[in-house]
Amino acid sequence: MANRVFDVRRQRGFTTIALFSFFALYVPIAVLVVFSFNAGESISEWGGFSLDWYRSALGNIQVIEAAARSFQIATVAALVATAVATLAAVAMTRTEPYRGLTAKYAFINLPLMVPEIVTAVALLIFFSRLKMWTGYSGMGYLIAAHTAFCVPFAYLPVRARLESMDNTLERAAADLYATPVKAFRYITLPLLWPGIIAGFMLAFVISLDDVVITEFVKSGGQDTLPTYMLGQIRRGTTPEVNAISTMFLLLSLVAVTIFFFINRKRSS
């Protein structure tokens, strides 16, 4: 009797668990979106359809400033983290194995294994010392903290793309006397773009969504949109928070769609 290929979809209970997981993930989001159009002030009792909470959110200067700050930090942190991750991935995959390579790989991915609260407390202690020594308390600390935290998230897609790439073209370029810089610019980089875009997108979303590290590192008046919403929830929730979350969700979907089409175009 021939051995059957293992297929998780044919296992008993898989469909039920999958449906329950999707239900638990997406139904709360759907409820949040629906109640963002609630005319009343309750987040649990429907009071009619209205766009008042969207007007309130878009007219709230604190929301606009927090959103702009979030996108500024996320963009800079994702760009720097992706650049660092790309260079690290190239250096660690386009070389012969040597002693210490595994340790370097573990060091880069350490923020993924350490609880985020530990990283946040460590950054708080380190940056508080720097603030005392330098007297500077600007957003540079937030950008540095987000960049350091996002590097491993950007590193993994870039490394995966490099490991799946055939390096025959790179060797051919070297045989034709191309310098390592030119081989990287004209051969490796164009083939690596899908991984770089994926790494940037992942780092951008992680930075945009971060609460714990931001809450510990930020100074007064440096609220990002997630920390602002957390503060609003502590003082009492209104559908305005639902409206902000819905706009945040829509913007994320638009960004993911744009990156998807760019990635598909470059891959084709």
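Student: Which element gives the most to the lining of the second largest pocket?

Tutor: In this predicted model, that element is α9, which gives 4 residues to the lining of the second largest pocket. Helices α3 (61-93), α8 (168-175) and α9 each supply at least two residues of this lining.

Student: What volume does the second largest pocket have, and which residues are the closest to its centre?

Tutor: The volume of the second largest pocket is about 350 Å³. Its lining comprises 15 residues, and Arg 94, Thr 95, Asn 167, Glu 170 and Arg 171 are the closest to the centre.

Student: How many residues of the lining of the second largest pocket are nonpolar, polar and charged?

Tutor: The lining of the second largest pocket divides into 6 nonpolar, 5 polar and 4 charged residues. Arg 94, Glu 170 and Arg 171 are among the lining residues, and they count as charged because Arg and Glu belong to that class.

Student: Why are α8 and α9 called roughly antiparallel?

Tutor: The axes of α8 and α9 cross at roughly 170° and come within 10 Å. Angles over 145 degrees count as roughly antiparallel, and the two helices are therefore given that description. The contact involves Leu 169, Glu 170 and Ala 173 on the α8 side, and Ala 183, Ile 187, Thr 188 and Leu 191 on the α9 side. By class, this contact has 5 nonpolar, 1 polar and 1 charged residues.

Student: What makes Arg 55 and Asp 52 a salt bridge?

Tutor: The closest N and O atoms of Arg 55 and Asp 52 are 2.7 Å apart. The cut-off for a salt bridge is 4 Å, so the pair qualifies. Both residues belong to helix α2 (residues 52-58), where they are 3 residues apart, about one turn of the helix. The structure holds 3 salt bridges.

Student: Which residues lie nearest the centre of the largest pocket?

Tutor: Asp 209, Met 229, Ser 245, Phe 248 and Leu 249 lie nearest the centre, within a lining of 18 residues. The elements giving two or more residues to this lining are α1 (14-35), α9 (180-209), α11 (225-235) and α12 (239-267). Helix α12 provides the largest share, 6 residues. The largest pocket holds about 490 Å³ of space.

Student: What is the lining of the largest pocket by class?

Tutor: By class, this lining has 14 nonpolar, 3 polar and 1 charged residues. Met 229, Phe 248 and Leu 249 are in the lining, and they count as nonpolar because Met, Phe and Leu are assigned to that class.

Student: What makes a space a cavity, and how many cavities of 30 Å³ or more does the structure hold?

Tutor: A space is called a cavity because a 1.4 Å probe fits there but cannot get out. The structure holds 1 cavity of 30 Å³ or more, and about 40 Å³ of space lies in the largest cavity. The residues lining the largest cavity are Ser 70, Ile 73, Ala 74, His 146, Ser 207, Leu 208, Thr 224 and Pro 226. Both α3 and α9 supply at least two residues of this lining, with the largest share, 3 residues, coming from α3. The classes are 4 nonpolar, 4 polar and no charged residues.

Student: How many helices and strands does the protein have?

Tutor: The secondary structure comes to 12 helices and 0 strands. The C-alpha atoms fill a box of roughly 70 × 70 × 35 Å along the principal axes.

Definitions and conventions
Residues are numbered from 1 along each chain as its sequence is written. This is a predicted model: local features need pLDDT of at least 70, side-chain atom pairs count only at pLDDT 80 or more; totals for chains, interfaces and linings use all residues. Side-chain values use heavy atoms; hydrogens and water are left out. On a 1 Å grid over the protein atoms alone, a cavity is a set of points where a 1.4 Å probe fits but cannot get out, and a pocket is an open set with protein on both sides within 12 Å along at least five of seven lines; lining residues have an atom within 4 Å of a point. Grid points are joined across faces, edges and corners, and a volume is the space filled by probe spheres set on the points. Axes are lines fitted to C-alpha atoms, for helices over the stretch in contact, and angles run from 0 to 180 degrees between N-to-C directions. Angles under 35 degrees count as roughly parallel, over 145 as roughly antiparallel, 65 to 115 as roughly perpendicular and the rest as oblique. Contact means heavy atoms within 4.5 Å. A salt bridge is a side-chain nitrogen of Lys or Arg within 4 Å of a carboxyl oxygen of Asp or Glu.
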